[in-house]
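Student: I have not seen this structure before. Could you go through the terms used for it and show how each one is decided?

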Amino acid sequence: MTTTELPLLVLGRGTDSRSEPGVDCPGSLPAASDPDLVARARAAKEALGDRVFVLGHHYQRDEVIEFADVTGDSFKLARDAAGRPDAEYVVFCGVHFMAESADILTGPDQAVILPDLAAGCSMADMAGLAQVEDAWDALEDVGIASSVVPVTYMNSSADIKAFCGKHGGAVCTSSNAQVALEWAYAQKKDAKVLFLPDQHLGRNTAVRELGMSLDDCVVWNPHKPNGGLTPGQLRDARMILWKGHCSVHGRFTAQCVDDVRERVPGVQVLVHPECTHEVVTKADLVGSTEFIIKTVEAAPPGSSWAIGTELNLVQRLANAHPEQHITFLDKTVCYCSTMNRIDLPHFVWAMENLVAGHVVNRIEVDPETERWAKVALQRMLDLPARTAGKD
Ligand code: SF4
(Lines give C-alpha, C1' and ligand atoms only; values in the text may rest on other atoms or scores of the structure.)
Protein backbone atom coordinates (compact mmCIF):
# COMPACT_ATOMS: atom_id res chain seq x y z
CA MET A 1 0.00 0.00 0.00
CA THR A 2 1.31 3.45 -0.87
CA THR A 3 1.02 6.24 1.66
CA THR A 4 -1.47 8.12 -0.53
CA GLU A 5 -3.94 5.24 -0.34
CA LEU A 6 -4.24 5.34 3.43
CA PRO A 7 -6.50 8.39 3.96
CA LEU A 8 -8.85 7.19 1.24
CA LEU A 9 -9.27 3.81 2.89
CA VAL A 10 -9.81 5.38 6.28
CA LEU A 11 -12.59 7.57 4.89
CA GLY A 12 -14.04 5.04 2.51
CA ARG A 13 -15.68 1.66 2.64
CA GLY A 14 -14.41 -1.56 1.13
CA THR A 15 -11.04 -1.82 -0.46
CA ASP A 16 -11.17 0.22 -3.65
CA SER A 17 -8.88 3.17 -2.93
CA ARG A 18 -10.15 5.02 -6.01
CA SER A 19 -13.64 5.17 -4.53
CA GLU A 20 -13.87 7.72 -1.71
CA PRO A 21 -17.39 7.95 -0.30
CA GLY A 22 -16.84 10.95 1.97
CA VAL A 23 -19.80 10.11 4.19
CA ASP A 24 -21.56 6.87 4.85
CA CYS A 25 -23.56 5.44 1.97
CA PRO A 26 -26.00 2.86 3.31
CA GLY A 27 -25.74 -0.32 1.31
CA SER A 28 -23.01 -0.88 -1.16
CA LEU A 29 -21.27 1.93 -3.01
CA PRO A 30 -20.06 0.65 -6.38
CA ALA A 31 -16.31 0.57 -6.88
CA ALA A 32 -14.95 3.33 -9.09
CA SER A 33 -13.18 0.59 -11.07
CA ASP A 34 -16.44 -1.21 -11.93
CA PRO A 35 -16.41 -1.36 -15.76
CA ASP A 36 -20.24 -1.53 -15.82
CA LEU A 37 -20.87 1.83 -14.12
CA VAL A 38 -22.01 3.63 -17.27
CA ALA A 39 -24.31 0.76 -18.23
CA ARG A 40 -25.69 0.63 -14.68
CA ALA A 41 -26.38 4.38 -14.64
CA ARG A 42 -28.09 4.14 -18.02
CA ALA A 43 -30.22 1.18 -16.92
CA ALA A 44 -31.29 2.90 -13.69
CA LYS A 45 -32.22 6.07 -15.54
CA GLU A 46 -34.24 4.12 -18.09
CA ALA A 47 -35.99 2.14 -15.36
CA LEU A 48 -37.02 5.35 -13.57
CA GLY A 49 -38.10 7.15 -16.75
CA ASP A 50 -40.03 10.38 -16.15
CA ARG A 51 -40.15 9.71 -12.41
CA VAL A 52 -36.62 11.08 -12.11
CA PHE A 53 -35.21 14.44 -13.21
CA VAL A 54 -31.42 14.74 -13.13
CA LEU A 55 -29.82 18.18 -12.75
CA GLY A 56 -26.14 18.77 -13.51
CA HIS A 57 -24.25 21.88 -12.44
CA HIS A 58 -21.75 23.28 -14.94
CA TYR A 59 -18.86 22.37 -12.63
CA GLN A 60 -19.70 18.67 -12.49
CA ARG A 61 -17.51 15.96 -13.98
CA ASP A 62 -18.24 14.85 -17.57
CA GLU A 63 -19.02 11.31 -16.37
CA VAL A 64 -21.97 12.72 -14.40
CA ILE A 65 -23.02 15.49 -16.80
CA GLU A 66 -23.59 12.76 -19.37
CA PHE A 67 -26.67 11.67 -17.41
CA ALA A 68 -28.07 15.14 -16.69
CA ASP A 69 -31.45 16.04 -18.20
CA VAL A 70 -30.50 19.71 -17.91
CA THR A 71 -27.30 21.58 -17.07
CA GLY A 72 -26.90 25.07 -15.70
CA ASP A 73 -25.86 27.29 -12.83
CA SER A 74 -27.41 26.89 -9.39
CA PHE A 75 -30.32 29.25 -9.95
CA LYS A 76 -31.24 27.95 -13.40
CA LEU A 77 -31.21 24.41 -12.06
CA ALA A 78 -33.45 25.27 -9.10
CA ARG A 79 -35.89 26.89 -11.52
CA ASP A 80 -35.67 23.89 -13.85
CA ALA A 81 -36.51 21.63 -10.92
CA ALA A 82 -39.54 23.80 -10.10
CA GLY A 83 -40.64 23.40 -13.72
CA ARG A 84 -40.95 19.62 -13.38
CA PRO A 85 -43.63 19.12 -10.67
CA ASP A 86 -44.42 15.69 -12.14
CA ALA A 87 -40.96 14.31 -11.31
CA GLU A 88 -41.09 12.23 -8.14
CA TYR A 89 -37.31 12.39 -7.67
CA VAL A 90 -34.95 15.25 -8.40
CA VAL A 91 -31.34 14.04 -8.36
CA PHE A 92 -29.14 17.09 -7.91
CA CYS A 93 -25.59 16.68 -9.20
CA GLY A 94 -24.17 19.77 -7.51
CA VAL A 95 -23.58 20.81 -3.92
CA HIS A 96 -25.68 20.97 -0.76
CA PHE A 97 -26.98 24.56 -0.91
CA MET A 98 -28.17 23.97 -4.49
CA ALA A 99 -30.15 20.90 -3.45
CA GLU A 100 -31.67 22.95 -0.61
CA SER A 101 -32.80 25.63 -3.08
CA ALA A 102 -34.29 22.94 -5.31
CA ASP A 103 -36.16 21.52 -2.31
CA ILE A 104 -37.49 24.99 -1.46
CA LEU A 105 -38.74 25.54 -5.01
CA THR A 106 -40.21 22.06 -5.59
CA GLY A 107 -43.38 20.51 -4.18
CA PRO A 108 -43.61 18.69 -0.83
CA ASP A 109 -44.13 15.33 -2.55
CA GLN A 110 -40.96 15.63 -4.59
CA ALA A 111 -37.75 14.23 -3.10
CA VAL A 112 -34.51 16.10 -3.83
CA ILE A 113 -31.49 13.82 -3.64
CA LEU A 114 -27.81 14.74 -3.34
CA PRO A 115 -25.76 11.66 -4.37
CA ASP A 116 -22.97 12.42 -1.85
CA LEU A 117 -23.81 14.32 1.34
CA ALA A 118 -20.18 15.42 1.58
CA ALA A 119 -20.69 17.64 -1.47
CA GLY A 120 -20.84 20.94 0.36
CA CYS A 121 -19.54 24.39 -0.58
CA SER A 122 -16.66 25.94 1.33
CA MET A 123 -17.98 29.43 0.58
CA ALA A 124 -21.49 28.69 1.88
CA ASP A 125 -19.93 27.18 5.00
CA MET A 126 -18.10 30.46 5.71
CA ALA A 127 -21.35 32.10 6.85
CA GLY A 128 -23.07 30.18 9.64
CA LEU A 129 -26.43 31.35 10.95
CA ALA A 130 -25.16 31.91 14.51
CA GLN A 131 -22.29 34.03 13.17
CA VAL A 132 -24.63 36.14 11.04
CA GLU A 133 -27.04 36.62 13.95
CA ASP A 134 -24.11 37.77 16.12
CA ALA A 135 -23.10 40.22 13.43
CA TRP A 136 -26.66 41.56 13.25
CA ASP A 137 -26.71 42.03 17.04
CA ALA A 138 -23.48 44.01 16.75
CA LEU A 139 -25.01 46.19 14.01
CA GLU A 140 -27.96 46.82 16.33
CA ASP A 141 -25.59 47.79 19.15
CA VAL A 142 -23.92 50.32 16.85
CA GLY A 143 -27.39 51.62 15.94
CA ILE A 144 -27.28 50.94 12.21
CA ALA A 145 -29.18 47.63 11.81
CA SER A 146 -32.39 49.47 10.87
CA SER A 147 -30.68 50.89 7.78
CA VAL A 148 -29.00 47.63 6.74
CA VAL A 149 -30.50 45.42 4.00
CA PRO A 150 -29.00 41.91 3.97
CA VAL A 151 -28.39 40.40 0.53
CA THR A 152 -27.10 36.89 0.16
CA TYR A 153 -25.58 35.22 -2.84
CA MET A 154 -27.39 32.10 -4.04
CA ASN A 155 -24.32 30.21 -2.79
CA SER A 156 -25.41 30.20 0.84
CA SER A 157 -27.29 27.83 3.10
CA ALA A 158 -31.09 27.89 3.31
CA ASP A 159 -31.00 29.37 6.81
CA ILE A 160 -28.92 32.34 5.61
CA LYS A 161 -31.44 32.92 2.81
CA ALA A 162 -34.19 32.71 5.44
CA PHE A 163 -32.32 35.24 7.62
CA CYS A 164 -32.31 37.67 4.67
CA GLY A 165 -36.00 37.03 4.02
CA LYS A 166 -36.86 37.80 7.66
CA HIS A 167 -34.78 40.98 7.73
CA GLY A 168 -36.16 42.59 4.57
CA GLY A 169 -33.41 41.31 2.29
CA ALA A 170 -33.08 39.20 -0.83
CA VAL A 171 -31.06 36.55 -2.62
CA CYS A 172 -28.96 37.34 -5.69
CA THR A 173 -26.99 35.42 -8.29
CA SER A 174 -23.81 36.39 -10.10
CA SER A 175 -26.05 37.37 -13.05
CA ASN A 176 -28.32 39.75 -11.18
CA ALA A 177 -26.13 41.05 -8.32
CA GLN A 178 -26.22 44.58 -9.75
CA VAL A 179 -30.01 44.85 -9.87
CA ALA A 180 -30.30 43.15 -6.48
CA LEU A 181 -27.98 45.76 -4.95
CA GLU A 182 -29.78 48.62 -6.70
CA TRP A 183 -33.02 47.24 -5.25
CA ALA A 184 -31.47 46.96 -1.77
CA TYR A 185 -30.17 50.54 -1.77
CA ALA A 186 -33.61 51.77 -2.83
CA GLN A 187 -35.31 50.10 0.15
CA LYS A 188 -34.26 52.62 2.79
CA LYS A 189 -32.90 56.10 3.14
CA ASP A 190 -29.10 55.97 3.45
CA ALA A 191 -29.27 52.19 3.16
CA LYS A 192 -26.27 49.98 3.76
CA VAL A 193 -25.97 46.43 2.49
CA LEU A 194 -24.69 43.43 4.41
CA PHE A 195 -23.49 41.18 1.58
CA LEU A 196 -23.19 37.45 2.31
CA PRO A 197 -21.13 35.29 2.00
CA ASP A 198 -18.85 36.19 -0.95
CA GLN A 199 -16.86 39.35 -0.36
CA HIS A 200 -15.51 39.32 -3.92
CA LEU A 201 -18.86 39.25 -5.71
CA GLY A 202 -20.09 41.96 -3.34
CA ARG A 203 -17.04 44.18 -3.83
CA ASN A 204 -16.84 43.65 -7.59
CA THR A 205 -20.50 44.50 -8.03
CA ALA A 206 -20.42 47.54 -5.74
CA VAL A 207 -17.30 49.02 -7.36
CA ARG A 208 -17.61 47.96 -11.01
CA GLU A 209 -21.38 48.14 -11.43
CA LEU A 210 -22.57 50.67 -8.85
CA GLY A 211 -19.60 53.02 -9.04
CA MET A 212 -18.68 52.88 -5.36
CA SER A 213 -15.12 53.27 -4.19
CA LEU A 214 -13.20 50.56 -2.40
CA ASP A 215 -13.35 52.79 0.68
CA ASP A 216 -17.15 52.46 0.71
CA CYS A 217 -16.67 48.76 1.49
CA VAL A 218 -15.60 47.19 4.77
CA VAL A 219 -15.05 43.50 5.48
CA TRP A 220 -16.78 41.85 8.42
CA ASN A 221 -14.58 39.10 9.84
CA PRO A 222 -16.81 36.72 11.83
CA HIS A 223 -13.79 35.42 13.73
CA LYS A 224 -12.97 38.81 15.29
CA PRO A 225 -14.89 40.74 17.95
CA ASN A 226 -17.29 43.17 16.24
CA GLY A 227 -16.13 41.80 12.90
CA GLY A 228 -12.76 43.50 13.43
CA LEU A 229 -14.40 46.87 12.69
CA THR A 230 -14.89 50.02 14.74
CA PRO A 231 -18.35 51.58 15.17
CA GLY A 232 -17.11 54.49 13.05
CA GLN A 233 -16.06 52.21 10.19
CA LEU A 234 -19.46 50.51 10.25
CA ARG A 235 -21.33 53.81 10.29
CA ASP A 236 -19.30 55.18 7.35
CA ALA A 237 -19.53 52.03 5.20
CA ARG A 238 -22.09 51.61 2.45
CA MET A 239 -21.23 47.98 1.82
CA ILE A 240 -20.47 45.53 4.64
CA LEU A 241 -18.88 42.51 3.01
CA TRP A 242 -18.90 39.17 4.79
CA LYS A 243 -15.40 37.67 4.88
CA GLY A 244 -16.15 34.68 2.68
CA HIS A 245 -14.78 33.57 -0.66
CA CYS A 246 -14.78 30.74 -3.15
CA SER A 247 -11.74 28.54 -2.70
CA VAL A 248 -11.69 27.80 -6.44
CA HIS A 249 -12.06 31.32 -7.88
CA GLY A 250 -9.94 32.77 -5.08
CA ARG A 251 -6.95 30.91 -6.51
CA PHE A 252 -6.63 33.09 -9.60
CA THR A 253 -4.19 35.95 -9.15
CA ALA A 254 -3.29 39.11 -11.03
CA GLN A 255 -0.02 37.34 -11.86
CA CYS A 256 -2.01 34.58 -13.66
CA VAL A 257 -3.51 37.27 -15.90
CA ASP A 258 -0.11 38.86 -16.62
CA ASP A 259 1.42 35.44 -17.35
CA VAL A 260 -1.27 34.32 -19.77
CA ARG A 261 -1.13 37.63 -21.66
CA GLU A 262 2.59 37.05 -22.10
CA ARG A 263 2.16 33.39 -23.10
CA VAL A 264 -0.77 33.82 -25.48
CA PRO A 265 -0.66 36.96 -27.65
CA GLY A 266 -4.11 38.45 -28.26
CA VAL A 267 -5.76 36.37 -25.54
CA GLN A 268 -8.94 37.67 -23.94
CA VAL A 269 -9.27 37.05 -20.25
CA LEU A 270 -12.76 36.02 -19.18
CA VAL A 271 -13.40 35.52 -15.46
CA HIS A 272 -16.16 34.89 -12.96
CA PRO A 273 -17.02 37.72 -10.49
CA GLU A 274 -16.14 35.43 -7.56
CA CYS A 275 -12.50 36.19 -8.48
CA THR A 276 -10.69 38.86 -6.50
CA HIS A 277 -11.10 42.52 -7.39
CA GLU A 278 -7.51 42.64 -8.65
CA VAL A 279 -8.14 39.80 -11.11
CA VAL A 280 -11.49 41.16 -12.26
CA THR A 281 -9.93 44.60 -12.82
CA LYS A 282 -7.26 43.09 -15.06
CA ALA A 283 -9.68 40.87 -17.02
CA ASP A 284 -11.31 41.78 -20.33
CA LEU A 285 -14.72 40.35 -19.52
CA VAL A 286 -16.42 39.37 -16.27
CA GLY A 287 -19.57 37.34 -15.80
CA SER A 288 -21.47 34.35 -14.51
CA THR A 289 -20.96 30.82 -15.81
CA GLU A 290 -23.90 31.29 -18.19
CA PHE A 291 -22.29 34.50 -19.48
CA ILE A 292 -18.94 32.72 -19.92
CA ILE A 293 -20.57 29.92 -21.92
CA LYS A 294 -22.56 32.32 -24.13
CA THR A 295 -19.50 34.51 -24.75
CA VAL A 296 -17.42 31.56 -25.93
CA GLU A 297 -20.26 30.18 -28.04
CA ALA A 298 -20.72 33.55 -29.79
CA ALA A 299 -17.00 34.20 -30.35
CA PRO A 300 -15.55 33.98 -33.87
CA PRO A 301 -13.37 30.98 -34.77
CA GLY A 302 -9.72 31.54 -33.99
CA SER A 303 -10.28 33.68 -30.92
CA SER A 304 -8.18 33.05 -27.84
CA TRP A 305 -9.60 32.85 -24.34
CA ALA A 306 -8.09 32.40 -20.90
CA ILE A 307 -10.97 31.48 -18.62
CA GLY A 308 -10.99 31.92 -14.86
CA THR A 309 -13.60 29.57 -13.52
CA GLU A 310 -13.89 25.92 -12.47
CA LEU A 311 -11.79 23.58 -14.59
CA ASN A 312 -14.49 21.03 -15.51
CA LEU A 313 -16.41 23.79 -17.28
CA VAL A 314 -13.34 25.21 -18.99
CA GLN A 315 -12.33 21.76 -20.25
CA ARG A 316 -15.84 21.09 -21.56
CA LEU A 317 -15.84 24.44 -23.38
CA ALA A 318 -12.42 23.69 -24.87
CA ASN A 319 -13.63 20.30 -26.10
CA ALA A 320 -16.83 21.75 -27.54
CA HIS A 321 -15.00 24.58 -29.34
CA PRO A 322 -11.89 23.21 -31.03
CA GLU A 323 -12.15 26.15 -33.47
CA GLN A 324 -11.07 28.44 -30.64
CA HIS A 325 -8.01 28.53 -28.47
CA ILE A 326 -9.29 28.05 -24.91
CA THR A 327 -6.94 27.88 -21.98
CA PHE A 328 -7.34 27.77 -18.21
CA LEU A 329 -6.32 30.99 -16.49
CA ASP A 330 -4.21 29.24 -13.86
CA LYS A 331 -1.33 26.98 -14.82
CA THR A 332 -2.23 24.44 -12.14
CA VAL A 333 -5.45 22.42 -11.92
CA CYS A 334 -8.33 24.00 -10.09
CA TYR A 335 -11.34 21.73 -9.65
CA CYS A 336 -13.98 22.37 -7.04
CA SER A 337 -13.19 19.46 -4.74
CA THR A 338 -16.67 19.30 -3.24
CA MET A 339 -18.43 19.41 -6.63
CA ASN A 340 -16.17 16.58 -7.72
CA ARG A 341 -17.42 14.37 -4.91
CA ILE A 342 -20.44 13.60 -7.07
CA ASP A 343 -18.89 10.88 -9.16
CA LEU A 344 -20.31 8.00 -11.14
CA PRO A 345 -20.25 5.52 -8.22
CA HIS A 346 -22.35 7.87 -6.06
CA PHE A 347 -24.68 8.63 -8.94
CA VAL A 348 -25.22 4.93 -9.64
CA TRP A 349 -25.67 4.22 -5.93
CA ALA A 350 -28.37 6.91 -5.58
CA MET A 351 -30.17 5.95 -8.80
CA GLU A 352 -30.17 2.20 -8.13
CA ASN A 353 -31.56 2.83 -4.67
CA LEU A 354 -34.40 4.83 -6.21
CA VAL A 355 -35.10 1.98 -8.61
CA ALA A 356 -35.30 -0.32 -5.57
CA GLY A 357 -37.73 2.10 -3.89
CA HIS A 358 -35.25 3.54 -1.36
CA VAL A 359 -34.87 7.30 -1.22
CA VAL A 360 -31.31 8.00 -0.07
CA ASN A 361 -29.61 11.29 0.83
CA ARG A 362 -32.83 13.30 0.69
CA ILE A 363 -32.29 17.02 1.30
CA GLU A 364 -35.17 18.59 3.20
CA VAL A 365 -35.40 22.16 4.43
CA ASP A 366 -37.60 22.63 7.50
CA PRO A 367 -40.89 24.48 6.83
CA GLU A 368 -40.04 27.66 8.79
CA THR A 369 -36.67 28.08 7.07
CA GLU A 370 -38.30 27.30 3.74
CA ARG A 371 -41.00 29.93 4.29
CA TRP A 372 -38.52 32.75 4.90
CA ALA A 373 -36.00 31.59 2.31
CA LYS A 374 -38.81 31.65 -0.24
CA VAL A 375 -39.52 35.28 0.70
CA ALA A 376 -35.90 36.22 -0.10
CA LEU A 377 -35.91 34.15 -3.29
CA GLN A 378 -39.21 35.70 -4.40
CA ARG A 379 -37.78 39.21 -3.93
CA MET A 380 -35.01 38.18 -6.31
CA LEU A 381 -37.48 36.74 -8.82
CA ASP A 382 -39.40 40.03 -8.73
CA LEU A 383 -36.32 42.06 -9.69
CA PRO A 384 -36.35 43.60 -13.16
CA ALA A 385 -34.44 41.60 -15.79
CA ARG A 386 -30.80 42.51 -16.08
CA THR A 387 -29.61 44.72 -18.95
CA ALA A 388 -28.83 42.60 -22.00
CA GLY A 389 -25.18 42.36 -22.97
CA LYS A 390 -23.85 42.46 -19.44
CA ASP A 391 -22.98 39.54 -17.23
S1 SF4 B 1 -16.86 26.52 -7.00
FE2 SF4 B 1 -16.68 27.74 -5.12
S3 SF4 B 1 -18.72 28.60 -4.76
FE4 SF4 B 1 -18.94 26.89 -6.25
S5 SF4 B 1 -19.42 25.09 -4.98
FE6 SF4 B 1 -17.17 25.11 -5.27
S7 SF4 B 1 -16.40 26.24 -3.44
FE8 SF4 B 1 -18.61 26.66 -3.60
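Tutor: What follows takes some terms in turn and sets values against definitions. This is a predicted model, in which local features need pLDDT of at least 70, side-chain atom pairs count only at pLDDT 80 or more, and totals for chains, interfaces and linings use all residues. Residues are numbered from 1 along each chain as its sequence is written.

Student: Why is D190 called exposed?

Tutor: D190 has 8 C-beta neighbours inside 10 Å, so D190 counts as exposed. D190 sits in the loop between α9 (177-186) and β7. Helices (H or I, at least four residues) and strands (E, at least two) are DSSP runs, numbered from the N terminus.

Student: What makes N361 buried?

Tutor: N361 has 22 C-beta neighbours inside 10 Å and therefore counts as buried. N361 belongs to the loop between α16 (344-355) and α17 (367-381).

Student: What is phi of D190, and what is phi of N361?

Tutor: Phi of D190 is near 50°, a positive value in a residue other than glycine. Phi of N361 is likewise near 50°, positive in a residue that is not glycine.

Student: Which residues of helix α4 are buried, and how do you know that they are on the same side?

Tutor: In α4 (residues 74-82) the buried residues are S74, F75, L77, A78 and A81. They cover an arc of only 165° around the axis, so they are on the same side of α4. The arc is that of the directions from the helix axis to the C-beta atoms. An α-helix has 3.6 residues a turn, so residues three or four places apart point the same way.

Student: What do the buried residues of α4 pack against?

Tutor: They pack against β1 (52-57), β2 (70-72), β3 (89-93) and α5 (96-105). Two residues are in contact if their C-beta atoms, placed from the backbone, lie within 7 Å.

Student: What makes β7 and β9 a pair?

Tutor: Two strands pair if DSSP finds at least two bridges between them. β7 (residues 192-196) and β9 (residues 239-242) have 3 bridges, in the parallel sense, so they meet the definition of a pair. In this pairing V193 stands opposite M239 in β9.

Student: Why are β6 and β8 called edge strands?

Tutor: The open sheet of 5 strands has the order β6-β5-β7-β9-β8, with parallel pairing. β6 (170-172) and β8 (217-220) each pair on one side only.

Student: Which strands are at the edges of the sheet of 4 strands?

Tutor: That open sheet has the order β11-β10-β12-β13, again with parallel pairing. Its edge strands are β11 (285-286) and β13 (325-328). Within it, 4 bridges join β10 (residues 268-271) to β12 (residues 304-308), and Q268 stands opposite W305 in β12.

Student: Where is the cis peptide bond at P197?

Tutor: The cis bond runs from L196 to P197, with omega near -25°. P197 is in the loop between β7 and α10 (199-209).

Student: What are the domains of the protein chain?

Tutor: The assignment gives domain 1 (30-120 + 339-366), domain 2 (124-245) and domain 3 (249-328). Such bounds come from an automatic or database domain assignment. Between domain 1 and domain 3, 7 residues of one are in contact with 7 residues of the other.

Technical notes. Buried ≥ 20, exposed ≤ 12 C-beta atoms within 10 Å, placed from the backbone.
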